[in-house]
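The following exercises are to be worked through with the sequence and the structure at hand. Each task is followed by a solution in steps.

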Amino acid sequence: TGLQSIGQGSLLKTTDSIINRNVAFIVFKRSGHILDQSPFFSLITESMYSYAQTLGYNMIMAFFDVREEIEHQIVWLRSLSCAGAIVFATEMLDEDLQYFSSFPYPCVFMDNFFENRNVDSVAVDNSMGTFQVLEHLTDMGHRKIGYLKSSSFIHSFYERDMGFASACLHFGAKIKSDWIFELPFSVEAAEKEMLQHLKQIKNLPTAFVSDDDIIAIGAIRALEAFGLSVPKDLSIVGFSNRPTSEHGIVSLTTVDIKASFGSTAIKQLLSRIESKILTPDEMVSVKSRIGTKLVVRDSVAPLS
């Protein structure tokens with residue numbers, strides 16, 4: 001593809017004239033549990049590389065893993081021959097920003113908003129996505145709506161959870177704590193855990209909203225194994241529009257994240273590079289939200 005991947009034992013050697021045409025894509029890993037199953041990773045790297053190339057920039061790929069020796073990685077990343085970096089920050093926490101504070105080049109943090117921090121960021125508008133989901137469900141007559149939340153934390157899941165509660169209030173949907181199930185972030189484990197919840201609850205909602213398609217697919221399998229048909233007996237909506245969402249027991253209604261995610265991050269980084277403002281005292285951060293689109297398939301039915 002032309003995307004160069006470099007590891008901790010190597011440095012990209014370039015001349016000064018080329019250095020300024022390099023941008024890095026740094027993948028941050030805390031556990032890898034969420035990131036390894038991210039639908040964005042391969043699509044975003046390809047789209048960002050292509051877009052950067054059209055603008056005359058070369059993209060190099062690097063990794064930062066908090067499970068490995070920190071100081072060595074910081075020294076190594078500081079030495080990268082690049083004009084700036086996009087940090088894939090899905091698994092980052094606020095305190096992880098400290099690792100990037102001494103970098104000599106600007107960074108744009110992607111897939112994590114960091115709303116209270118003076119850093120540039122590009123993130124999904126998770127509140128918009130959950131609003132679209134609740135609007136669709138309530139238009140279909142659903143008012144008793146449950147939530148399938150991931151037991152693994154990332155900030156995007158937190159925003160979807162908060163957005164769900166806000167949208168339920170807006171559309172007059174009923175929320176009960178008994179209808180909020182915490183499920184593991186894998187299809188098989190979510191199916192197993194969902195079955196346990198189904199055995200313990202008497203009154204189910206008419207629909208479920210999920211943190212992610214992975215959890216929704218596992219839940220659909222559990223519902224079918226329990227003898228309930230989706231969407232005849234219960235509707236369900238995912239989030240992320242993964243490739244697998246179309247090809248399960250039932251095609252999944254889900255939230256799609258627009259393809260402009262990667263190009264927005266590139267444009268924001270290049271704007272920061274051109275501004276030549278790096279110090280926190282001088283910098284006014286720029287934060288962008290990427291809109292979402294509801295993809296209606298077969299997992300939601302009108303409430304009869």
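**Exercise 1.** How many aromatic pairs does the count come to? Describe one of them.

*Solution.* The structure is a predicted model. Step 1: two rings count as a pair if their centres lie within 6.5 Å, and by this rule the count comes to 13 aromatic pairs.

Step 1: one of the pairs is formed by phenylalanine 181 and phenylalanine 208, with 5.4 Å centre to centre and 45° between the planes. Planes under 30 degrees apart count as stacked and those over 60 as edge-to-face, so the pair of phenylalanine 181 and phenylalanine 208 is tilted.

Step 2: phenylalanine 181 belongs to strand β8 (residues 180–183), whereas phenylalanine 208 belongs to strand β9 (residues 207–210); the pair therefore ties together parts that are 27 residues apart in sequence. Both phenylalanine 181 and phenylalanine 208 are buried.

**Exercise 2.** Which residues form one aromatic cluster?

*Solution.* The cluster consists of Phe28, Phe64, Tyr99, Phe100, Phe103, Tyr105, Phe109 and Phe114.

**Exercise 3.** At roughly what angle do the axes of helix α4 and helix α5 cross? Classify the crossing and describe the contact.

*Solution.* Step 1: helix α4 comprises residues 126–139 and helix α5 residues 155–171. Their axes come within 8 Å and cross at roughly 40°.

Step 1: an angle under 35 degrees would count as roughly parallel, and 65 to 115 as roughly perpendicular. Helices α4 and α5 are therefore oblique to each other, and their crossing is right-handed.

Step 2: on the side of α4, the residues in the contact are Asn126, Thr130, Phe131, Leu134, Glu135 and Thr138. They meet Ser156, Glu159, Arg160, Gly163, Phe164, Ala167, Cys168, His170 and Phe171 in α5. Sorted by class, this contact has six nonpolar, six polar and three charged residues.

Technical notes
Residues numbered from 1 in each chain as written. Predicted model: local features only at pLDDT ≥ 70, side-chain atom pairs only at ≥ 80, totals over all residues. Heavy atoms only, no water. Axes fitted to C-alpha atoms, helices over the stretch in contact; angles between N-to-C directions. Helix = DSSP H or I, 4+ residues; strand = E, 2+ residues; numbered from the N terminus. Parallel < 35°, antiparallel > 145°, perpendicular 65-115°, else oblique. Left-handed = near helix turned anticlockwise from the far one by under 90°. Contact = heavy atoms within 4.5 Å. Nonpolar A, V, L, I, M, F, W, Y, C, P; charged D, E, K, R; others polar. Phe/Tyr/Trp six-rings, centres within 6.5 Å; stacked < 30°, edge-to-face > 60°. Buried < 20%, exposed > 50% of the residue type's maximum accessible area, 1.4 Å probe, protein only.
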